[in-house]
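Thanks for coming. I have one structure to go through today, so please have a look at it first.

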Amino acid sequence: MAVGDVGIVFWILSVAIIVSACMVVSLRNIFHCALALILCLFAVAGIFILLGAEFLAAAQVLIYVGAVAILMIFAIMLTSNLAAKKITQTNENALVGLLVCVFFTLVGWVLLKKTYEGIWSHLELARPLPSDNILTLGKYLMTQYALPFEVVSILLLAAMIGAIVLARKENA
Amino acid sequence: MLAYLVLALVLFSIGLFGVLTRRNTIGILMSLELMFNAVNINFVVFNKFVATSALVGQMFAIFIVVVAAAEAVAGLAIVLLLYRNWQGIDTDNDSVMKW
């Protein structure tokens with residue numbers, strides 16, 4: 001599959017992702033950045049659906065848009081006075097950072113193109129993914145990936161308790 | 001396949017730019033989420049096009065989403081604590097902690 005024949009939906013989602021990601025890193029008002037982040041996460045969920053990962057798209061919307069982005073907005077509202085935010089939001093590294101990122105993108109693009117032409121285009125499979133995606137994922141989580149699943153549960157519990165301990169008032 | 005990979009590369013670079021240049025700590029955390037999403041796109045693309053065994057890439061992407069949520073929770077708790085101690089969350093102030 002070459003660059004040209006991935007379909008109109010992919011291009012719409014790509015433009016949405018890149019424009020909203022640029023807004024996330026460049027807007028002055030941090031609250032508007034959070035709203036652009038939500039748009040970006042939705043578009044990434046659309047990309048997951050295009051790639052046949054329906055469960056991952058649903059989890060993306062539930063966890064990222066429903067939990068992480070809302071948490072960000074809570075934190076913004078608790079920590080800054082929104083109306084007075086016209087000060088510059090980038091530090092003095094902006095120009096150097098831009099150069100580094102453009103360089104990174106160009107090098108990465110050349111490497112991807114060479115590797116794709118050399119190796120991946122021969123490996124590329126034409127088979128569709130099995131349609132009972134979610135069934136297979138559930139079976140994996142209960143058998144082959146049961147240990148990582150439990151470890152991740154402990155990690156979430158630790159993060160939750162840690163956040164409560166950190167954010168609690170000292171004299172309560 | 002190449003188009004998806006280039007999209008993930010560009011998204012990762014934008015997130016990297018945000019991490020390098022943001023002054024607000026919450027802005028840095030949001031840019032980190034962009035980078036996590038780029039990595040997830042890569043996992044799912046390789047799972048679809050050059051998978052060695054079915055659905056391993058999606059499984060890794062799910063675990064990354066969960067770990068990113070835990071990271072956001074802990075990071076934002078630290079941000080609240082910084083704000084309470086210094087009445088601001090700019091990284092210029094936070095570098096006081098370096099020593």
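Predicted model: local features only at pLDDT ≥ 70, side-chain atom pairs only at ≥ 80, totals over all residues.

Residues are numbered from 1 along each chain as its sequence is written, chains are lettered from A and ligands numbered from 1 in the order in which they are written, and side-chain values use heavy atoms, with hydrogens and water left out.

Chain A has 6 helices and 0 strands, where helices are DSSP runs of H or I of at least four residues and strands are runs of E of at least two, numbered from the N terminus. Chain B has 4 helices and 0 strands.

Of the 172 residues of chain A, 34% are buried, buried being under 20% relative accessible area, exposed over 50% and partly exposed in between, with a 1.4 Å probe and protein chains only. For chain B the buried share is 62% of 99 residues.

In chain A, 57% of the contacts with a separation of 6 or more join residues 24 or more positions apart; contact means heavy atoms within 4.5 Å. In chain B that figure is 58%.

Now the core. A nonpolar core is a set of buried Ala, Val, Leu, Ile, Met, Phe, Trp, Tyr and Cys residues joined through side-chain atoms within 4.5 Å. The largest one holds 75 residues, and A:Ile47, B:Leu11 and B:Leu34 touch the most other members. Helices H1 to H5 of chain A and H1 to H3 of chain B each supply at least two residues of this core. H2(A) gives the most, 13 residues.

What does A:Ile47 contact, leaving aside neighbours within four places in sequence? A:Phe10, A:Leu13 and A:Ile17 in chain A, and B:Tyr4, B:Leu7 and B:Ile41 in chain B.

Next, A:Ser20, in helix H1 of chain A. A:Ser20 counts as buried because its relative accessibility is 0%. Its side chain reaches the backbone oxygen of A:Ala16 at 2.7 Å. Beyond four places in sequence, A:Ser20 is in contact with A:Ala36, A:Leu39 and A:Cys40.

Last, H3(A). This helix has a kink of about 30° centred on A:Tyr64, the bend at a residue being the angle between axes fitted to the seven residues ending there and the seven starting there.

Key: Polar contact = N/O pair within 3.5 Å; in protein donor to acceptor, adjacent residues only side chain to side chain.
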